[in-house]
Amino acid sequence: MTQATEVLVPTSPDEAAAAFGDGSGVTVIGGGTIVMPEITYGRLKVGKALLLGKAGLSGVSRNGGTVTIGAATPIADLVDLPPPLGPCAANVADGEIRAQATLGGNVCAGPGPDAPRGDLQGPLLALDATARSTGPGGERSEPLESFLDDRAGRLLLDVSFGEPAAGAFAALDYPHTHEYTVLAVSGARGADGAVRLAATGLADHARTLSGDPDAAASEVRLGDDALASGWYRQQVLPVLVRRVLADLEEAR
Amino acid sequence: MNLTVNGVAHEVESGPLTSLLDVLREELAITSPKAGCEQGGCGACTVLVDGVARRSCLTPVASVQGTEITTVEGLGSPSDLSPLQQAFTHHYAAQCGFCTSGMMLAAQAYIDGGGSDGHEAIQEAIAGHVCRCTGYVKIIDAIAAVARGDEFDLTVTASSAGMVNLGGAV
């Protein structure tokens, strides 16, 4: 049975940031859906754990066309949001997992041992989201893409984005006995008319796409795992891109 | 730490990051939540936390302090089965039984939330639960029956009442 030497349960965002400090030696637990199996199976030894459930980092708020979502918000709370985020959230695992897993855990997840993770990274990239985090050097806000490239040692506090004029989401179905998305494409048209697309189910984290279906497979790294081969993903990615572009066009 | 399970308060000695599943099974000897995959994939360990269906294998026990935990042992007793337990019996909705307690608690949360007898909605409610015997049809029938408010005579099972002879040697 694994014992943490220290378990902290902050009751406010400030307490969470102070407890996280520079992140050194801290294991952050949001819903626990990713971390708990690692602890139970002994693959992760925890020195200091930060439980975020009571840290006041949960909730969806709107202010002047900007949507802000706290990192500890359960994925279930996102399923009724407009596309691409809502349908993507509804595609994550099953209802019980969605009620437990958090946006922060999903966004910060690295690829799993046998499947990609981080479904919500795709729609948030398409929405040109900003990530607010704390860690070494204090608090900072940056485009999600740069946060994803350099998120180790950071505690995500929230993400925010402008409400899109239109959005679309397309994903390959996954089998009942497996919970991870094989491949998905998200698209959003911003208030300025600009269209952004992003894919999840890639070899590392989600990436933005140019929007050219024929170029999509060469713009990202597609891996082989238990769910699908890289070759299969290459064949299907252009189809999903075309589907999202068609849905965005239809939403005009 | 203090934990209330099926209305009984317990003082728990396990470490704060021990899974709720391990605490229930190993420390409190409440064995209806099953240790299946222990990574959130099968649903056999599902319990109710303040009425919400939750995978106990993914839940650090420290996060549920002060909540009410319900397992199958808290739904009814052998002499006074809950409506869902009656329905599972009547519809013969358990085969090997490994998934049954998780299925039943997911179903209880669904019924308590005002769930209908629509098969599609029930399928969605138990989507995270794997039945290794693939006995989903009878499980869904049992949940739908409770959603409709059916009452059961447990001296007659649904399968014997509506038995179809498919032929062949026995």
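In the predicted model described here, no salt bridge is found by the rule across the interface of domain 1 of chain B and domain 2 of chain B. The domain assignment places domain 1 of chain B at residues 2-74 and domain 2 of chain B at residues 83-154, and the contact draws on 18 residues from domain 1 and 13 residues from domain 2 of that chain. Taken over C-alpha atoms, the centres of domain 1 of chain B and domain 2 of chain B are separated by 21 Å. Between them these two domains of chain B bury about 1100 Å², and 64% of this area is on carbon and sulfur atoms.

The interface of chain B and chain A was examined in the same terms. Here about 2100 Å² is buried between chain B and chain A, with 56% of it on carbon and sulfur atoms, and the contact takes 31 residues from chain B and 25 residues from chain A. Of the area that chain B buries against chain A, 30% is supplied by L17(B), R55(B) and L58(B), more than by any other three residues. Across the interface of chain B and chain A the rule finds three salt bridges. R55(B) takes part in a salt bridge with E96(A), in which the closest N and O atoms are 2.9 Å apart.

Two loop positions of chain B illustrate the surroundings of individual residues. S56(B) is located in the loop between strand 4 (52-55) and strand 5 (68-70) of chain B, and, because its relative accessibility is 0%, S56(B) counts as buried. When residues up to four places away in sequence are not counted, S56(B) touches S19(B), L20(B), L21(B), P33(B), C45(B) and V47(B). N6(B), in turn, is found in the loop between strand 1 (2-5) and strand 2 (8-11) of chain B, and with a relative accessible area of 26% N6(B) is partly exposed. The contacts of N6(B), again not counting residues up to four places away in sequence, are with I69(B), T70(B), T71(B), E73(B) and G74(B). By contrast, N6(B) and P16(B), which are 10 residues apart in sequence, lie 20 Å apart in space, C-alpha to C-alpha.

In chain A, attention turns to helix 9, which comprises 21 residues (residues 230-250). The C-alpha atoms of Y232(A) and I69(A), which stand 163 residues apart along the chain, are separated by 34 Å.

Methods:
Residues numbered from 1 in each chain as written. Chains lettered and ligands numbered in written order. Predicted model: local features only at pLDDT ≥ 70, side-chain atom pairs only at ≥ 80, totals over all residues. Heavy atoms only, no water. Helix = DSSP H or I, 4+ residues; strand = E, 2+ residues; numbered from the N terminus. Expected span 1.5 Å × (residues − 1). Domains from an automatic or database assignment. Contact = heavy atoms within 4.5 Å. Buried area = accessible area lost by both parts, 1.4 Å probe. Salt bridge = Lys/Arg side-chain N within 4 Å of Asp/Glu carboxyl O. Buried < 20%, exposed > 50% of the residue type's maximum accessible area, 1.4 Å probe, protein only.
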